[in-house]
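Try each task before you read its solution.

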Amino acid sequence: DLSRIYVSNLIGDRISLFREAVPPTFSTQINITLTASTLNLIKAHPNLGTPSGSTTSAVSTNTILIVGSGAVLDMANNTMNELTASNAVAPVVYTADTTAPEIESVVLDLDTAS
C-alpha cells in the first residue's frame with residue numbers, strides 16, 4: 001500500500017508520495033520520481049528539504065522518509081518494518097535548488113473596473 005509513504009519533517013508535517021511511487025513487480029527497489037506539483041509542495045514548505053545549519057551546503061536533517069506499516073511487502077507477504085520519525089535515516093547529501101523560477105501562466109482580466 002504505497003499510500004503509506006511520505007516525506008516528513010521531525011515535527012510531523014508530511015506530504016504523501018503515493019502518486020510518485022511506482023509499484024514494482026517482485027523487485028528490491030521502489031522508484032519514486034517527484035511530479036512538479038509534489039516537488040512544489042515540498043519547496044513551498046519552510047521546514048521540508050531545507051539545509052540545517054547556516055550554510056546551504058549543510059546536510060538537511062529536517063526531512064525524512066516515513067514508510068508506514070503495510071506499505072511494502074516482501075514476496076512472502078511479510079511487511080517491512082515501519083520507518084517513523086524515531087527510526088528513519090536522514091539524508092546524507094543536500095543539493096540546493098538552483099533553478100530560477102519561471103512564470104507558467106498569466107491571467108489578465110480587462111473587464112474589471114478596479
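**Exercise 1.** Find which residues Leu17 is in contact with, leaving aside its neighbours within four places in sequence.

*Solution.* Take contact as heavy atoms within 4.5 Å. Leu17 then touches Ile5, Tyr6, Val7, Ile32, Leu34, Thr38 and Leu65.

Before going on, note that this is a predicted model, where local features need pLDDT of at least 70, side-chain atom pairs count only at pLDDT 80 or more, and totals for chains, interfaces and linings use all residues. Residues are numbered from 1 along each chain as its sequence is written, and side-chain values use heavy atoms, with hydrogens and water left out.

**Exercise 2.** Work out the strand order of the open sheet of 3 strands, and which strands stand at its edges.

*Solution.* Strands are DSSP runs of E, at least two residues, numbered from the N terminus, and two of them pair if DSSP finds at least two bridges between them.
- The order is 2-1-5, with antiparallel pairing.
- Strand 2 (14-16) and strand 5 are the edges; each has a single partner strand, so one side of each lacks a neighbour in the sheet.
- From one strand to the next, the twist averages 30°, using lines fitted to C-alpha atoms and angles from 0 to 180 degrees between N-to-C directions.
- Strand 1 (residues 5-8) joins strand 5 over 4 antiparallel bridges.
- Val7 has Leu65 in strand 5 as its bridge partner.

**Exercise 3.** Locate Ser86 and find how far its C-alpha atom is from that of Leu10.

*Solution.* Ser86 lies in the segment after strand 5 (64-67).
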